[in-house]
Amino acid sequence: MTDQRTSGILLHITSLPSAFGIGDLGPAAYAFVDLLAASGQRYWQVLPLNPTDPAFGNSPYSSASAFAMEPLLISPDRLVECGYLHEEDIAGYPSLAGTHIDYSTVGAAKRAILELAWMRFQQSAHDSRFHDFCREHAVWLNPYVLFVALKRESTGRVWNQWENGLRTRDSEALKAARDRHADALERERFFQFLVFQQWFDLKRYANERGVLLVGDVPIYVNYDSVDVWSNPSLFKLDEQYRPRVVAGVPPDYFSKTGQLWGNPVYDWAALQASGFEWWMGRLGHTLHLFDKVRIDHFRGLVAYWEVPFGEKTAVNGVWRAVPSEDFFNVLRGRFPGLPIIAEDLGVITEDVVAVRERFGFPGMKLVVFAFDEDNPDHPYLPHNIESNSVAYTGTHDNNTARGWYEREADEATRERLQAYVGHRVTPESVHRDLARLVMMTVSRTAIIPMQDVLGLGAEARMNVPSTPSGNWTWRLHPGQATPEAVEWFADCTRRFGRYWSRK
């Protein structure tokens, strides 16, 4: 990511403290940038910012759009500051200051606030920036707002169950729908304008203080998304627009039946014939939002596991090659420097390693997994980690360091960790022991989840993979990031030569 040793913190926007029931792009986000800058951090890593859906457990990795942003991230405080709302408009907002997000309550309350901002916007002289935004982002914005309106009109039905003209995107049917929903389309455009405006205000503030923002790109998109509805030829669908095959991963040590994700897979021949234009647009859009981008399930850009639609498990799948050399050459030509992190966790084959190394992408190393076996050659042990990598204690998909130590690590694993660090490890100290191991590696970049900076337990876990509910709800409460914890992390950053300061 850079030749200088650097570090950062992983914390999703929704996990910030807020009086509005969910972390947002308001005062707490700016305060967190200040915390990062004051403690010498170079990076703030977040999860995908795309719209979420209760039908998919509010996962940021399952969205109706690969381009739009989640309106729940809009800060009411910032709307008041910018004149889109008055103080009295938010005075009646329900008190939602708990440590976990209630998406149902938050969604209704936030929607009411946004509707009020839209009404006030209509009553005022229109901001020219809104019209500029709509023109600049029309390619993805216009299909997205129409998709949202048609989903609402159809009471949430999947797009392949819409009436034939809308399902097949007949031009006359689409025109009639745009006319029918003209006001709703403009309102959804306005919500996207607000969240993008607030995001870029925050990004500018962070960059001015030397903090770079790291985003996350899920490799696959949802079937019930505007991306598939508006680009069906780029996916392996049948004549009725149903998936012929779906994505997953094959059986391995962790799962005898593999993982059946169910996302439609790309038709890479069609993508290649178009010069990978959809992917170029997607990554160009994302690189405009962020300074660095982590690509989730990077191996799927080299070869992917496809399973016939209708299978109950991922057992009966097959590997399919991706024209990765051509893809990454086109990508590098379009975006010199390619500020990409390759999520290469799990079972990774030699061809994936070869592509990652050929294009110079740093991979990921999770120290929390290094002690599960008695193996001095384990690739995640600090002494084996190479410099062109990003080292973590863990990510959003595994337990916190303390939660892992207390609930998952057996006695042998604990003893291996203790022998490695050379002193007694306790539930109260394990987060600092693992963070120190990460910070002292030769990885150019070290990222620590905020839960591990603070030593929080399993109650602060963000996601348990393959569980449909109860995830993505954790957030900080005011004052939880104590000065003592922040100062310890800043000192650790200095001690291992990662402290970033603006020259």
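Biologist: How much space lies in the second largest pocket?
Modeller: In this predicted model, the second largest pocket holds about 830 Å³ of space.

Biologist: And which residues lie nearest its centre?
Modeller: The lining of the second largest pocket is made up of 28 residues, and those nearest the centre are T52, D53, P54, R111 and R152.

Biologist: Which helix gives the most to that lining?
Modeller: That is α4, which gives 7 residues to the lining of the second largest pocket; α4 spans 103-123, and both this helix and α6, at 138-153, supply at least two residues each.

Biologist: What about polar, nonpolar and charged residues there?
Modeller: The lining of the second largest pocket divides into 13 nonpolar, 7 polar and 8 charged residues.

Biologist: Switching to cavities, how many of 30 Å³ or more does the structure hold?
Modeller: There are 4 cavities of 30 Å³ or more, and the largest cavity has a volume of about 160 Å³.

Biologist: What lines the largest cavity?
Modeller: The largest cavity is lined by 17 residues, with T395, H396, P449, Q451 and M462 lying nearest its centre, and by class this lining has 9 polar, 6 nonpolar and 2 charged residues.

Biologist: OK, and what is the volume of the second largest cavity?
Modeller: The second largest cavity has a volume of about 120 Å³, and its lining has 15 residues, of which N50, A66, D216, T286 and F290 lie nearest the centre.

Biologist: Which elements give two or more residues to that lining?
Modeller: Those elements are β3, at 212-217, and α12, at 277-289, and α12 gives the most to the lining of the second largest cavity, with 4 residues.

Biologist: And by class?
Modeller: The lining of the second largest cavity has 10 nonpolar, 3 polar and 2 charged residues.

Technical notes: Residues are numbered from 1 along each chain as its sequence is written. This is a predicted model: local features need pLDDT of at least 70, side-chain atom pairs count only at pLDDT 80 or more; totals for chains, interfaces and linings use all residues. Side-chain values use heavy atoms; hydrogens and water are left out. On a 1 Å grid over the protein atoms alone, a cavity is a set of points where a 1.4 Å probe fits but cannot get out, and a pocket is an open set with protein on both sides within 12 Å along at least five of seven lines; lining residues have an atom within 4 Å of a point. Grid points are joined across faces, edges and corners, and a volume is the space filled by probe spheres set on the points. Ala, Val, Leu, Ile, Met, Phe, Trp, Tyr, Cys and Pro count as nonpolar, Asp, Glu, Lys and Arg as charged, and the others, Gly among them, as polar.
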